[in-house]
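Here's a quick tour for anyone opening this one up for the first time. Have a look, and then we'll go through it piece by piece.

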Protein chains: 2
Amino acid sequence: MFEVAELGHRISKQEYNKEVPVLRAELLSIQQEMKNAGFPVIILISGVDGGGKGRVINLLNEWMDPRYIRTYAFGAETEEERERPSYWRYWMALPPKGHTGIYVGSWYSDPIAKRVRGKIDNADLDAELIHIKKLEKELVDDGALIIKCWLHLSEDGQRKRLKSLEKNPETRWRVTRQDKKHLKLYEKFSSIAERTLRETSTGEAPWLIVEGTDNRYSSLTVGKHILGRIRKHLEHTRLLNEQRAQMSNLPMPVRDEMSVLGSLELSQALEKKTYNQELEKYQGKLNKLSRAAYARKISSLLVFEGWDAGGKGGAIRRLVHAMDARHYRVIPVAAPTDEENAHHYLWRFWRHIPRGGMVTIYDRSWYGRVLVERIEGFARDDEWMRAYSEINDFEEELTDHGIVLMKYWLHISQEEQLARFKEREKIAYKKYKITEEDYRNRERWDDYETSVNDMVTRTSTEYAPWHLVESNDKRFARVKVLKTYCEALEKRLDNEK
Amino acid sequence: MFEVAELGHRISKQEYNKEVPVLRAELLSIQQEMKNAGFPVIILISGVDGGGKGRVINLLNEWMDPRYIRTYAFGAETEEERERPSYWRYWMALPPKGHTGIYVGSWYSDPIAKRVRGKIDNADLDAELIHIKKLEKELVDDGALIIKCWLHLSEDGQRKRLKSLEKNPETRWRVTRQDKKHLKLYEKFSSIAERTLRETSTGEAPWLIVEGTDNRYSSLTVGKHILGRIRKHLEHTRLLNEQRAQMSNLPMPVRDEMSVLGSLELSQALEKKTYNQELEKYQGKLNKLSRAAYARKISSLLVFEGWDAGGKGGAIRRLVHAMDARHYRVIPVAAPTDEENAHHYLWRFWRHIPRGGMVTIYDRSWYGRVLVERIEGFARDDEWMRAYSEINDFEEELTDHGIVLMKYWLHISQEEQLARFKEREKIAYKKYKITEEDYRNRERWDDYETSVNDMVTRTSTEYAPWHLVESNDKRFARVKVLKTYCEALEKRLDNEK
């Protein structure tokens with residue numbers, strides 16, 4: 001695979017000086033076009049030590065308008081990063097639409113380094129690469145352009161480079177003991193890199209392998225490749241948008257009488273006296289459990305979805321009553337801000353992933369993608385359809401990191417909802433909760449029910465099952481929420497021991 | 001001062017249960033009003049150990065709509081926080097307009113704790129308190145409501161509390177060795193707290209001292225106080241806005257012929273040959289210096305202001321050419337995002353304060369407040385007038401933290417600007433840089449010149465002087481920028497030794 005990059009590609013100074021001004025002008029002008037095209041560009045510059053990564057990156061920053069570029073070098077994880085799933089820092093560093101992110105030391109660095117040092121085996125490496133491919137596919141599906149460049153140097157080339165650096169007193173300091181150690185591992189590194197590139201050279205995000213011996217050659221090759229890819233992606237995006245404008249979404253299927261929601265026993269209820277006892281019991285329990293979880297840096301993430309007036313707010317208040325306000329945060333999910341809108345729809349949820357020991361409670365969540373966005377047509381069919389697996393992957397990352405993830409659907413009947421709307425309109429400080437939109441949503445009850453059934457079926461996983469809460473009786477619902485969360489925390493704390 | 005909070009205030013369970021529902025309804029409904037009133041509420045809950053801070057905070061979260069509240073507990077600084085000025089974390093935690101932030105362990109905790117432990121003396125404490133007062137005044141000037149509550153417990157009350165906790169096996173664990181140590185320091189702590197409260201009980205942000213023996217009493221008192229303050233602030237804000245709507249901004253003063261800008265020698269220029277030598281020399285120098293600064297975690301913050309077509313972009317490119325793209329970031333300052341708009345105007349600049357060793361380059365900056373916002377009337381007279389000292393304070397925090405701060409004004413003549421506009425319109429990849437707005441701005445040249453002169457005069461401080469760069473000759477300007485930054489870095493690195 002790397003043979004092609006050991007042929008001695010070079011470019012003369014004269015040719016370089018002739019080509020660069022043209023390339024630069026084209027890159028600058030295409031950056032302008034990009035601003036309005038509405039997609040981000042993600043450029044990975046990877047490769048062997050001494051392959052000239054730093055030099056290529058510096059040149060790209062010089063050639064292009066640096067105001068729309070940001071360069072990231074991921075090193076060892078910081079305290080804040082370690083306390084969150086490992087991909088959190090990559091998500092946080094994704095460029096908004098119209099901008100370019102350049103990455104040296106990307107999501108590829110860790111798996112390769114770990115495999116070279118023998119900390120993981122080939123099977124682990126392959127699992128990591130599948131993870132990477134999922135991430136890249138998800139970003140490409142969302143419209144992003146991913147450009148991956150690998151700067152190669154032969155073993156001999158690497159040796160020569162170190163020797164020449166060492167000869168010059170001005171550059172001798174740049175040769176470290178680590179460089180020499182890496183040279184000894186060359187063959188191993190090379191074969192692992194080859195496996196990685198082979199596995200992750202996908203149709204949507206292929207690798208470009210570039211010979212790194214001659215800086216002029218490698219910079220110009222990378223620069224031209226970027227220009228070509230952006231140009232093609234602009235065209236591709238334009239055509240795709242035209243095509244999409246002509247397509248309409250699928251009609252909503254008719255309501256299926258036999259369904260997950262339909263089989264819930266909504267008549268379940270608690271007497272006031274039993275309720276008070278149970279409430280006290282589980283709030284007391286939760287108080288202790290959440291204190292223990294905090295001490296052991298176990299985070300929780302609770303998702304509340306449900307019908308309007310289903311009792312989300314009340315259930316959340318009963319929960320947090322038992323918790324320390326310094327350790328939880330309630331995130332009301334409303335319309336995204338413009339910064340959020342410029343990113344992948346999951347970005348705004350990644351943002352609030354709690355640090356170790358903390359709790360985030362989402363009042364509505366990423367499931368909006370397959371509920372309101374599906375029903376109102378805010379998301380295209382392909383978008384909400386692939387969202388199920390995107391969401392499953394996202395939740396797997398959370399739970400793999402050890403986060404306790406609880407997903408609640410608060411279910412009430414259509415009649416109960418109407419009664420609650422009427423009741424709310426009577427109480428001064430609850431009146432603001434009822435708007436015309438609530439009545440409009442009511443009219444689409446069947447569509448919502450279909451979407452909820454689909455959602456529950458497709459996103460109830462072993463690691464993140466849905467908890468369907470029969471909520472016609474508020475007391476029953478609140479106790480069920482408290483109880484299930486207590487059980488999950490208890491189980492998690494036991495596993496830890 | 002604390003005597004008033006040692007009188008044995010209590011409230012009966014009956015009265016409490018009668019009052020709470022009323023208070024809660026009023027708090028919820030006033031939160032609704034607040035959402036549209038456009039100001040943030042900052043609530044500090046401080047006081048002695050065992051004064052019931054945690055309980056009051058939890059109750060506030062329960063009584064109010066938790067979706068518009070966020071509670072922060074500041075503990076020891078994290079890695080990311082330590083690498084930035086100490087107030088960075090407080091700025092980042094400020095609530096947006098319409099929201100409430102509750103803080104336990106605020107900007108008061110560190111100075112008090114340090115003074116009690118004898119790490120600083122009274123003069124240092126007073127200096128810290130002045131710093132705090134400046135911050136609070138700045139936030140209040142910007143429209144924020146600051147509510148500060150101090151929960152007090154007498155020495156005897158504290159002792160009794162610890163004893164009763166220890167007696168009960170269920171609560172014994174809550175009494176730590178630290179609690180006992182703190183009790184011994186009671187008198188010292190109390191006198192330092194008194195000094196702090198006295199110094200920082202200002203007209204715009206007074207302290208409320210609350211007796212903390214009885215939880216019902218303290219929670220209800222704090223809750224009612226908050227309600228009252230918000231209510232008054234809503235009214236105050238309404239009246240203020242009405243008043244302001246009737247007031248127009250001051251007219252721009254006429255241009256003063258004798259001025260800082262007027263005295264610049266714009267004819268200074270460099271021959272191409274000299275330029276190439278100097279450029280190479282200073283880029284080489286900067287390369288080494290910035291590498292050394294990175295290694296020693298010395299950050300830089302560079303601000304570029306200047307006339308349209310003054311050459312900011314070109315100067316920035318020559319600078320970054322000598323730097324490692326992984327270590328700098330260029331921030332183009334355009335219209336604020338909606339998240340930025342919901343905060344104090346300096347918030348969006350605090351956001352990008354670099355970590356240790358990194359460089360942030362602002363292409364335009366917070367000086368927009370006293371330039372375009374002043375001239376176009378986007379800021380009221382009182383806003384841009386007080387901005388000078390707000391900016392000076394901000395910059396002092398940066399330089400006090402050891403950040404190298406460089407401020408450049410790239411100055412050209414009116415004729416030179418016109419020539420550059422015309423030239424740009426001819427070059428394909430530069431054409432996008434010229435818009436109608438540029439021509440409109442040109443018409444206000446005199447107003448800009450007046451504002452720039454005022455800005456330079458009022459914000460050239462010992463710790464952050466302006467560098468006025470004669471830029472009619474691009475070569476001269478670029479070398480001057482490089483040279484001055486090199487000198488500043490050199491000086492800073494020498495001081496470090």
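Is the crossing of helix 7 of chain B and helix 8 of chain B left-handed or right-handed?

## A pair of helices

The crossing is left-handed. Keep in mind that we're looking at a predicted model. Helix 7 of chain B covers residues 155–167 and helix 8 of chain B covers residues 177–184; their axes come within 10 Å and cross at roughly 160°. Since angles over 145 degrees count as roughly antiparallel, that is how helix 7 of chain B lies to helix 8 of chain B.

Who does the touching? On the helix 7 side of chain B you'll find B:Glu155, B:Gln158, B:Arg159, B:Leu162 and B:Glu166, and on the helix 8 side B:Asp179, B:Lys180 and B:Leu183. Sorted by class, this contact has 5 charged, 2 nonpolar and 1 polar residues.

## An open sheet

Chain B also has an open sheet of 5 strands, in the order 7-8-6-9-10, with parallel pairing. Strand 7 (328–332) and strand 10 (466–470) of chain B sit at the edges with a single partner strand each, so one side of each has no neighbour in the sheet. From one strand to the next, the twist averages 20°.

Within strand 10 of chain B, B:Val469 is the bridge partner of B:Leu410.

## Two copies

Now for the chains together.

Note on methods: Residues numbered from 1 in each chain as written. Chains lettered and ligands numbered in written order. Predicted model: local features only at pLDDT ≥ 70, side-chain atom pairs only at ≥ 80, totals over all residues. Heavy atoms only, no water. Pairing = 2+ DSSP bridges. Helix = DSSP H or I, 4+ residues; strand = E, 2+ residues; numbered from the N terminus. Axes fitted to C-alpha atoms, helices over the stretch in contact; angles between N-to-C directions. Parallel < 35°, antiparallel > 145°, perpendicular 65-115°, else oblique. Left-handed = near helix turned anticlockwise from the far one by under 90°. Contact = heavy atoms within 4.5 Å. Nonpolar A, V, L, I, M, F, W, Y, C, P; charged D, E, K, R; others polar.
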